[in-house]
Amino acid sequence: MNKPGYFGQWGGAYIPEVLYETFRELREVYAKAKADPAFWQEYVALMSSYSCRPTPLTHADNLSRHFGGAQIFIKREDLNHTGAHKANNVMGQGLLVKRMGKTRVIAETGAGQHGVACATMAAKFGFACTIYMGEEDVHRQRPNVFWMEKLGATVVPVTTGSRTLKDAINEAFRDWVSNMDTTHYVMGTVCGPHPFPEMVAWFQSIIGIEARKQIIASHGKLPARIYACVGGGSNAMGIFQGFLADSEVELIGVEAGGKGIDTGQHAARLASQDASPGVAQGYKTMFLQDSDGQMLDTHSVAAGLDYIGVSPLLTDLWEKGRVRFTAATDQEVMAALDLTIKKEGIIPALESSHAFVQAFKEAGELSSDQAIIINQSGRGDKDIFTIAHAFDDPSWKEFIRKKGEEYATR
Amino acid sequence: MQLAEQLREARSKKDILLMTHLVLGYPSFAANREVIHQMVENGVDVIELQIPFSEPMADGPMIIKANQEAIASGTTVADCLAFAAEMAAQHKIPFLFMTYYNILFKYGVREFLHKAKEIGIRGFIIPDLPPEEGEEYLRLAKEFDLAAIQIFAPTSTEERMRTLAGHGDGFIYCVARRGVTGSKTEFDASFDDYLARCRKATDLPLAVGFGISSREDVQILTGKADLAVIGTATIRLVEEKGAAAVGPFIAGLR
């Protein structure tokens with residue numbers, strides 16, 4: 001790091017002046033917590049009693065046999081309370097909010113997993129909670145909206161811009177600049193202004209710390225490769241951090257290839273040639289933007305991956321050649337999801353299924369005494385509407401039609 | 001003449017100066033041209049031209065909409081530069097660029113500032129570029145004699161204000177309240193304290209913006225600030241009543 005908040009040339013804190021003091025306070029609270037071993041102990045204890053940590057590392061023996069190469073292991077972040085790795089970050093930030101004495105939290109959400117996790121944390125800690133969610137994502141992820149509201153959060157559909165994750169982030173910042181005295185913005189991923197990327201990565205490092213111990217215990221040695229999907233990049237940074245110092249472990253980030261890298265309808269920042277350096281939403285990274293610096297619309301079947309930017313930590317690791325980036329198309333994702341369900345009885349989120357795609361492509365290249373780990377960042381049942389639609393499932397459609405009629409006639 | 005000096009001279013002849021704002025390309029450059037004409041004719045002293053950006057994080061709903069629609073209708077940075085050149089050549093008052101840092105960064109900071117200087121722009125307001133991140137920009141602004149206008153907020157401490165003032169040039173933009181552009185601002189005792197802190201921190205002229213929309217607001221600021229900044233109010237007026245309504249509105253402000 002050259003200067004605080006930078007990872008190579010990426011990162012920084014490009015924030016409006018009105019938030020300067022708020023960020024100063026946050027940096028101080030975070031630095032104190034990080035230097036206090038009791039804080040991490042409190043965090044780990046909370047996660048073990050409230051969120052099923054450590055999450056298991058499942059040996060996917062059927063898939064391993066199916067591909068006839070590496071032993072495939074799946075790190076089960078889907079088994080966290082609320083069904084995704086997002087719980088790690090929100091509970092950690094919740095503990096910081098308590099330290100700061102604030103009473104309200106706000107958050108942005110794409111797929112809704114961060115929103116549900118944040119609303120859950122707010123319910124547990126007794127904070128008021130507002131979640132900003134792009135109108136498009138509200139439609140795509142209705143079950144998560146339902147749960148956020150039941151948890152007591154106010155869900156605000158964002159109608160500006162492309163009505164997706166990036167617009168929800170802008171709205172959360174707008175709320176924050178009005179209410180910073182009482183409110184903490186629980187950023188959901190390893191992006192945004194310093195200290196968010198570093199702080200969220202710290203909370204998510206619990207995934208990699210556990211996974212490293214678990215793979216050595218069950219396989220007797222380090223894995224050859226680790227696969228993780230990358231939207232903002234929090235689950236990827238979470239697991240990668242456990243292995244960054246192990247140069248023999250190859251780290252692979254899988255972005256949303258959407259309808260295909262050549263179609264322009266994707267969210268592949270580092271795996272395509274379409275992104276370029278930029279500064280937006282408070283930090284410097286590779287963004288999908290036009291030649292004027294206007295952000296482009298992105299596409300993915302997975303709401304949580306269609307983001308314009310990517311973590312500055314990952315961009316730095318990509319630039320240094322430590323993490324290899326690829327992309328999986330929507331179509332490949334559906335096939336990998338289908339296979340995982342059938343072979344292992346495990347339903348990964350659409351986001352996580354991107355990591356499965358690349359692991360499946362490469363498992364056969366390795367020998368059976370080698371291991372690979374796929375980070376299953378979240379559970380797939382929240383995607384039932386999107387998945388059922390993509391599978392074109394006739395009985396599901398019939399069920400929805402009947403439900404619709406039932407509500408229409410009431 | 002340097003911007004600060006020019007503003008001090010203008011201020012010596014008026015109780016308060018008026019600065020207005022518009023989003024380039026919204027609703028159209030033709031409308032921008034007409035609005036600017038009316039503003040200048042009716043005594044506006046400085047105009048900030050906002051180059052639209054897809055992620056205007058510090059702006060409120062009206063200006064977000066203007067940014068989005070300007071981009072959607074095909075407004076490019078090149079169009080904005082050409083239009084600004086035309087305005088700066090036609091009108092004697094200082095024109096500033098307001099935009100977000102990515103517009104400069106993507107263009108090339110040196111190239112952008114060089115171009116701005118060449119076409120007669122006098123300074124910049126970049127709300128997402130604190131001095132800690134803007135070393136190159138601040139250095140180049142000095143080199144090209146462009147005013148890198150710094151922003152004070154009600155949350156800024158005295159120490160922070162002094163730091164910002166140390167980097168400031170032209171004038172200081174004092175954000176009247178927390179939040180984004182376009183909502184009503186209450187001018188109470190704490191606002192007076194805030195302005196007093198601003199005044200103590202710098203000798204540069206003070207501009208007050210965010211929520212200034214009426215003659216009453218301008219009157220409250222008279223004697224306390226050097227410039228009153230009218231932003232969202234004129235955009236709303238153009239939207240509701242058309243460009244022709246801007247002249248009488250501006251004329252009625254003081």
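The model is predicted: local features need pLDDT of at least 70, side-chain atom pairs count only at pLDDT 80 or more, and totals for chains, interfaces and linings use all residues. Residues are numbered from 1 along each chain as its sequence is written, chains are lettered from A and ligands numbered from 1 in written order, and side-chain values use heavy atoms, without hydrogens and water.

## Chain B overall

Chain B holds 12 helices and 8 strands. Helices (H or I, at least four residues) and strands (E, at least two) are DSSP runs, numbered from the N terminus. The radius of gyration of chain B is 17 Å, close to the 18 Å that the globule rule gives for 254 residues, so chain B is as compact as a globular protein of that length. That radius is taken over C-alpha atoms, and the rule is 2.2 Å times the number of residues to the power 0.38. Along the principal axes, the C-alpha atoms of chain B fill a box of roughly 45 × 40 × 35 Å.

Of the 254 residues in chain B, 61% are buried. Buried means under 20% relative accessible area, exposed over 50%, and partly exposed in between (1.4 Å probe, protein chains only). Contact means heavy atoms within 4.5 Å. Among contacts in chain B with a separation of 6 or more, 71% join residues 24 or more positions apart.

The accessible surface of chain B is about 9,600 Å², and carbon and sulfur atoms hold 51% of it. Accessible areas come from the Shrake-Rupley method with a 1.4 Å probe; for residues, only the protein chains shown count as cover. Chain B has 27 positive and 34 negative charges, and their mean positions are 3 Å apart. Lys and Arg count as positive, Asp and Glu as negative; His and the chain ends are not counted. Each charge is placed at NZ of Lys, CZ of Arg, CG of Asp or CD of Glu.

## The interface

Chain B brings 34 residues to the contact and chain A brings 38. Together the two chains bury about 3,000 Å², 53% of it on carbon and sulfur atoms. B:E55, B:M57 and B:K106 supply 24% of the area that chain B buries against chain A, more than any other three residues. Buried area is the accessible area (1.4 Å probe) lost when two parts are put together, summed over both.

## Buried positions in chain A

A:V333 sits in helix α12 (residues 330–344) of chain A. Its relative accessible area is 0%, so A:V333 is buried. Leaving out residues up to four places away in sequence, A:V333 touches A:V301, A:A328, A:L350, A:S353, A:H354 and A:V357.

A:T22 belongs to helix α1 (residues 20–35) of chain A. A:T22 counts as buried at 7% relative accessibility. Beyond four places in sequence, A:T22 touches A:K102, A:W176 and A:M180.

A:V158 is in strand β7 (residues 154–158) of chain A. A:V158 is buried too, with a relative accessible area of 2%. A:V158 and A:E108 are 50 residues apart along the chain, with 9.9 Å between their C-alpha atoms.

## Backbone exceptions

Most residues other than glycine have a negative phi, and most peptide bonds are trans.

| Site | Backbone value |
|---|---|
| A:R53 to A:P54 | cis, omega near -5° |
| B:Y26 to B:P27 | cis, omega near -10° |
| A:Q281 | phi near 50° |
| B:F210 | phi near 90° |

A:P54 lies in the loop between α2 (37–50) and β3 (57–59) of chain A. B:P27 lies in the loop between β1 (17–23) and α2 (29–41) of chain B. A:Q281 is in the loop between β11 (275–280) and β12 (283–288) of chain A, and is buried at 3% relative accessible area. B:F210 is in the loop between β7 (206–209) and α10 (215–221) of chain B, and counts as buried at 13%.

## Helix α7 of chain B

Helix α7 (residues 135–143) of chain B has B:Y137, B:L138, B:L140 and B:A141 as its buried residues. Their cover includes α5 (101–107), α6 (109–118), β4 (123–125), β5 (147–152) and α8 (158–167) of chain B. After α7(B) comes B:D145, with a positive phi near 55°.
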